Structures are given as C-alpha cells and as structure tokens.
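Subject: Structure for your review

Dear colleague,

Please find below the structure that I am handing over to you. My notes on it follow.

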Amino acid sequence: MSEVKDTLLRLIALLRLIPREPGRIATTTLLEKLKDDGFSVSLRTVQRDLDRLSIPFALKRDESSPLFRWSLSDKAPIDLSTMDTPTALALYLAESHLKTLLPQSVLDQLGPQFRIARDYIDSLENNGLAHWAQKVRAIPNGKSLQPAKIAPCVWEQASTALLERKQLQISYLSRSKGELNKFLIHPAGLVSRHAISYLIGSVNGYDDLRQFALHRIHQAERLEAPARVRDDFEIERYIRKNLNTDAPIEQVELVADVSPQIAWLLGETPLSLEQSLEPLPDSDWQRLRATVPDDQETLWWVFGLGENVRVWEPQSWVQSIKEKVARLKAQYEQITQPV
C-alpha cells in the first residue's frame, strides 16, 4: 500500500512540474526536480510516468530535440496547485514557532496550509524527506521553560491591533501588585523571548514604551481608534538598548578564568566576536577575555557556570557574584534535615 501511495504522490508532483503551453520542460529536468523533492526515481521511471500521464492529462511532447520536452495543454481541466514536499516540510516544522510571531488573521489563513502540510507529510512513507521531521529538532542551550499560556482571544485582539495600528484596551495583571489594572495601549511591537511574549507599547497619555507580558493580559479589545504611530521606534534598537533594563546596555570587558570544558565550549562557540583564551601557567584552566553586554542575562549565564569560572573583571560582577554566593550559603545553612 505504501508503494502505491508514494507512486500516486510522485505522479501528482510530476504533473505540478509540467508547465502549461507554450512553456516546456525536459525529461531530464523533471528527473532532477523530482529528486530535489525527495523522490528516489530513475530516468526510465520518469519516462514511464510521462507516458502513463500523457493521454488522460493531455500532455504534449516536443520531439524536436534529443531531450523530449513536455507541456500541459492550456485546455487541461485540472488544478495542480497542491503542496510539494519541501514546502510541506517547511510548514510542518515552522508551525509551532510561528504561533506567537504572526497575527491571528495570518494564522487563520495559514491554518488550512498547516493542516495540508501535516497530512501530506503523514501520508508519505518511502520519500526520504517525509522522515526528516521525525529526525530533526532544535533545542535551546540550557533549560527550556514551557511557554506561558496566552488566551487565544487575547492573542487575536493584540496581534490584530498591532497589525492594523489600532488602540488596544486591556485588563492587565500587575506582577508587583498582584492586581488587575486597565490600560489603553498604543501597540508598537512584539517580542517573543524564551517562554514569554511581550507586547511593546505606550499607555495612553504617556510617551514612554512599556512591556506587557501577553499571558498576563486577561482581557483585550481592539478598538477602531487609530494608535499613535512611533516613527522613531525600531524594534532591533529597542531590544538592544531597552529590553529588561532601565538604561542603554553598555559593553564591558569580562576577564575570568575558566575550566577546560568551558574553555573548549567557548573555543567552538565564542561568547562574543572580541574574545581570547590564553592558557594559565601550571594549570589546565584558561584566561578568558571577552567584550560582552553589561546586562543581567550575561551575568546570569556566567553565574550559572558555578565552580567552572572565577571572575576577575568587571568588579561590579565580582561583587554581585559574591553576594549571590553568600545568600545561597545562608539559605542552605538553614536546612537541618530533609523535608
């Protein structure tokens, strides 16, 4: 049954590759394109397929050159706008990553395409590309938290407001106060970071941009009133200078001694473009020098190395690490027996 199914899909793929007249395509070109789509076929197989399809689908064969060229009659009553294997594979793998990056209206339009892609991939058995989705995964460097749950109606209203440049009325749970507040937002951008997606916008009556975690929005309503457009807003610059900090992020030189395993890691995947590693005398550790952002994310990464790193500069980081270690020590000294 699997061979019959793959043969049928190969014939459909072959028909899709044949242009309507006056366009033409050579048999050898069809062979290469089928191979690119993941079908394992020979020239003889393609020739037999073309002969099999020529009568029922009114294929025209140009014999004026040694390499036969094929075209589809302009009167052929068929629609060949189906899914091909590479497109289906790309949509299959991309679907989960796009759910918090595309407007709901676009996701609604892509929904049938995602479903067709899943069905198409699931239907293939002998096509090599069909098994690709089961053989590849992208995993984060470190512990990955489950994405914060966003109410579908909130995502629909927020993404539509951003897309259409409309104002957004929200009921937002304050993390610091633990209470719901209502805001009228002028959306400016959207950032998905790790497990949380943030709506960037200004509150009505204020000019400064703020971040609103989408999963903390309990209610959202897109209004018809146009949002205030920020001509000076550039999302890349905002992320670089403002995300999770109250001031522009400065660059500092990190000087630290790192263990052999960390030195190996940073030798293959540098911490920054400006980085050096030098062996320490009478030791298998190495001296790291790197220009890095002076931000919490980088500091947390360094702190997470634990006993595999000893930081010398910047001094503010050294002090911060000492304080963290002291607090940890105090917490664990309180433990007298297992819970």
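In these notes a residue is called buried under 20% relative accessible area, exposed over 50%, and partly exposed in between, with a 1.4 Å probe and protein chains only. The model is a predicted one, in which local features need pLDDT of at least 70 and side-chain atom pairs count only at pLDDT 80 or more, while totals for chains, interfaces and linings use all residues. Residues are numbered from 1 along each chain as its sequence is written, and side-chain values use heavy atoms, with hydrogens and water left out.

Salt bridges

A search of the whole structure gives 11 salt bridges (a side-chain nitrogen of Lys or Arg within 4 Å of a carboxyl oxygen of Asp or Glu). One of them joins Arg61 and Glu63, with 2.8 Å from N to O. Arg61 counts as partly exposed because its relative accessibility is 41%, and Glu63 counts as partly exposed at 49%.

Glu164 and Arg222 form another salt bridge, their closest N and O atoms being 3.3 Å apart. This pair links distant parts of the chain, 58 residues apart: Glu164 belongs to helix H6 (residues 152-164) and Arg222 to strand S8 (residues 217-226). Helices (H or I, at least four residues) and strands (E, at least two) are DSSP runs, numbered from the N terminus.

In a further salt bridge, between Glu253 and Arg289, the closest N and O atoms are 3.9 Å apart. Glu253 lies in strand S9 (residues 251-258) and Arg289 in strand S11 (residues 286-293), so the pair ties together parts 36 residues apart in sequence. Glu253 is partly exposed at 43% relative accessibility, and Arg289 is partly exposed at 34%. Finally, salt bridges with shared partners join Asp51, Arg61 and Glu63 into one network.

The second largest pocket

A pocket is an open set of points on a 1 Å grid over the protein atoms alone, where a 1.4 Å probe fits, with protein on both sides within 12 Å along at least five of seven lines; lining residues have an atom within 4 Å of a point. The second largest pocket is lined by 13 residues, and Tyr172, Arg175, Arg210, Gln211 and Arg216 lie nearest its centre. Strands S5 (180-193), S6 (196-203) and S7 (209-213) each supply at least two residues of this lining. The largest share, 3 residues, comes from S7.

Yours sincerely,
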